[in-house]
Amino acid sequence: MEAIRAVTAPLESGPAPSSALIRAHGLSKTYATGSGQVPALAGIDFEIYDGEFVSVVGQSGCGKSTLLKLLAGLLPFTAGSVELNGKPLRGPTREAAVVFQSPVLLPWRTVLDNVMLPIEFRKLPKAMYRQSAVNLLAMVGLSEFVQRYPFELSGGMLQRVAIARALVQDPRLLLMDEPFGALDAMTRDQMNLELLRIWSHSRKTVIFITHSIAEAVFLSDRVIAMTPRPGTIADIITIELPRPRDLSVINTDRFGRYAARLRSLLDAGGGLL
Ligand SMILES: Nc1ncnc2c1ncn2[C@@H]1O[C@H](COP(=O)(O)OP(=O)(O)OP(=O)(O)O)[C@@H](O)[C@H]1O
Ligand SMILES: [Mg+2]
């Protein structure tokens with residue numbers, strides 16, 4: 001961990017939030033199913049600023065993944081509006097990329113060719129993006145694995161490939177849905193440190209969904225706490241812990257107070273986390 005800390009510390013700096021990159025207003029989603037209407041999200045309002053790292057916590061089923069899919073333009077919303085970079089969001093866009101819980105790589109493609117997928121999908125000039133794909137793989141610490149296949153990589157490495165793939169089209173916004181949820185605790189800690197390093201390098205705006213209050217506090221500038229279904233915003237907590245952060249911050253009183261505040265918000269909503 002010391003080695004990672006040493007690498008992380010000088011590179012990470014605080015965000016410089018400026019203008020709102022995302023504006024959600026009255027955002028609601030009701031799923032129509034065979035057995036009736038399922039209200040998943042109701043009246044969500046927030047602004048997220050350029051360069052911010054924002055986490056979303058809430059109990060299972062409160063609509064976190066739904067929110068992420070709406071922001072990615074992958075799912076139509078029922079009511080309200082979302083603006084991304086000043087323009088109404090109407091569908092998937094190059095400006096927003098998603099990292100899911102499972103990295104979904106194609107097993108017959110090399111690591112590099114997996115990272116190049118969005119470029120091929122969007123019919124962008126491959127030759128132009130190949131070097132940036134190689135550079136991104138270096139940034140996530142996988143220079144030696146560019147020509148390997150997914151089965152040769154560990155879970156944490158596969159998730160790093162997925163992060164490189166999300167960044168290859170140079171999105172403004174990185175949407176992450178419990179990306180480290182399937183990893184063991186130690187790998188997860190390391191991936192969180194790695195993510196802060198990548199974030200400070202890439203200067204992307206990140207929206208990060210997690211079940212873990214500690215993970216949310218450790219990573220974020222602000223944490224959005226949601227109520228149980230239909231999900232609404234219980235509160236948005238600003239985390240004023242200095243950056244760069246290392247894992248020792250978890251043992252501080254301030255960290256404990258933020259975590260306790262979030263836990264009481266989620267408990268008040270009847271959530272069990
Ligand atoms: N495609 C769908 N059709 C119908 N209902 C859905 C669909 N997707 C999600 N839901 C419902 O919407 C609600 C919110 O689901 P969502 O997956 O957004 O929750 P979540 O907060 O991400 O949960 P988890 O923490 O378990 O991942 C749940 O009640 C779920 O059953
Ligand atoms: Mg989910």
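Author: Let's start with one pair of strands: E7 (residues 173–177) and E8 (residues 205–209) run parallel and are joined by five bridges. Please keep in mind that this is a predicted model. Within that pair, Met176 has Phe208 of E8 as its bridge partner.

Now step back to the whole sheet. Six strands make up this open sheet, in the order E6-E7-E8-E3-E9-E10, and their pairing is mixed. At the edges stand E6 (96–99) and E10 (233–238); each has a single partner strand, so one side of each has no neighbour in the sheet. On average, neighbouring strands here are turned by 15 degrees against each other, if direction is ignored.

A helix rests on this sheet too. Helix H9 (residues 253–268) packs on it, touching E3 (53–57), E9 (222–226) and E10. The direction of H9 makes about 175 degrees with that of E10.

Phe208, the partner of Met176, also leads us to a neighbouring residue. Phe208 is touched by Glu215, which lies in helix H8 (residues 213–219). Setting aside residues up to four places away in sequence, Glu215 also touches Phe180, Arg188, Asn192 and Thr210. Is Glu215 buried or exposed? Its relative accessibility is 6%, and because buried means under 20%, Glu215 counts as buried.

Next comes the nonpolar core. The largest one has 60 residues, and Leu137 and Leu262 have the most contacts inside it. Helix H6 (residues 155–167) gives the largest share of this core, eight residues. Why does the core lie between domain 1 and domain 2? Both domain 1 (2–18 + 51–77 + 90–95 + 171–268) and domain 2 (105–167) give residues to it, so the core lies between them.

Leu262 deserves a look of its own. Leaving out residues up to four places away in sequence, Leu262 touches Val57, Ile213, Val217, Val223, Ala225 and Ile237.

To finish, here is a second sheet to set beside the one you asked about. This open sheet has four strands in the order E2-E1-E4-E5, with antiparallel pairing. Its edges are E2 (36–49) and E5 (87–88), each with a single partner strand, so one side of each is left without a neighbour in the sheet.

Key. Residues numbered from 1 in each chain as written. Chains lettered and ligands numbered in written order. Predicted model: local features only at pLDDT ≥ 70, side-chain atom pairs only at ≥ 80, totals over all residues. Heavy atoms only, no water. Helix = DSSP H or I, 4+ residues; strand = E, 2+ residues; numbered from the N terminus. Buried < 20%, exposed > 50% of the residue type's maximum accessible area, 1.4 Å probe, protein only. Contact = heavy atoms within 4.5 Å. Pairing = 2+ DSSP bridges. Core = buried A, V, L, I, M, F, W, Y, C linked by side-chain atoms within 4.5 Å. Domains from an automatic or database assignment. Axes fitted to C-alpha atoms, helices over the stretch in contact; angles between N-to-C directions.
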